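Hello,

Here is the structure you will be working on. My notes on it follow below.

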Amino acid sequence: MEQPTLPVESPKPRAWPMFLLGFLLFLVGPAISAALIFAEKLITPWYLPALATLGVLCMAFSVWQRPGILRTIGLVLFLALCGFEWFFVAHAIRTPEYTGPAQAGKKLPAFTAAKTDGTVFSSSDLAAGTPSIALFFRGHW
Amino acid sequence: MIELGQLERSHAEFERRGVKVYVISNDDLADSKKTQEKFPHLVVIADPDMAIANALQVVQKGANPHGGDANAPTTFLVDGSGIVRWLFRPSTVFERLAPDRLLAAVDENLLK
């Protein structure tokens, strides 16, 4: 006599590995930043929101595969963080185009300031025969 | 200050080309003196009132995280008669001109 066979249920996908992979992708961005700063490579960190987006996709896939409250809350929080990273890179750290008077081919406008030894530094120092680089930086924060 | 460190280490290349490097911020004189000590081959200019920054219009409003304005990072190559020959403004405050790119710009625009 034949035994009745029970339908075999396929195992449910595990909830956390994909979510944790997404979390790891969020961490890779800052790690790359630290490595680039250590290597003195100063570039726009587009990789930060790009990796965060991949991370969110992994998290969303994990929640879609097997819904859960904790991971759903996590997904929403990381989605917000990802949005902030896009805003930060695409808007907050942007510099405006240079539209001032010191365009290529034009004479520098007149100015006066001080060197650190107290002597005067003026636009005429940059017209005294020696080619020069005038580099504006953000200072000692 | 990574950028200033890179320029300082490349000072021999600038000297060989006969080019002087002025670095300008709106730090006060005391902070500018500290910067000068750290980078002795660059000429550090204190521009606390932003007189130069305003004249050249490189002020970025509200960009100082402690409040107030800051210089938008900008590099000008100026020939010996005070004419601007080339300028560089990065698209974001994170980006900077690497010394090899700056030297290439000097060769192309100041020494040709």
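In this predicted model, A:Phe136 touches a group of chain B residues, among them B:Ile24, B:Ile52, B:Leu56 and B:Phe76, leaving aside residues up to four places away in sequence. Contact here means heavy atoms within 4.5 Å.

A:Phe136 also belongs to the largest nonpolar core, which has 22 residues. Such a core is a set of buried Ala, Val, Leu, Ile, Met, Phe, Trp, Tyr and Cys residues joined through side-chain atoms within 4.5 Å; buried means under 20% relative accessible area, with a 1.4 Å probe and protein chains only. A:Leu108, A:Phe111 and B:Ile45 are also among the members that touch the most others. Strand S3 (132–136) of chain A and helix H4 (51–56) of chain B are among the elements that each supply at least two residues of this core. H4(B) gives the most, four residues. A second, separate core of 20 residues includes B:Val23 and B:Leu110.

Chain A has three helices and three strands, in the order α-α-α-β-β-β from the N terminus. Helices (H or I, at least four residues) and strands (E, at least two) are DSSP runs, numbered from the N terminus. Of its 141 residues, 37% count as buried. The C-alpha trace of chain A spans about 110 × 30 × 25 Å along its principal axes.

On conventions: residues are numbered from 1 along each chain as its sequence is written, and chains are lettered from A and ligands numbered from 1 in the order in which they are written. Local features need pLDDT of at least 70 and side-chain atom pairs pLDDT 80 or more, while totals for chains, interfaces and linings use all residues, and side-chain values use heavy atoms, without hydrogens and water.

Regards

Technical notes
Buried means under 20% relative accessible area, exposed over 50%, partly exposed in between (1.4 Å probe, protein chains only).
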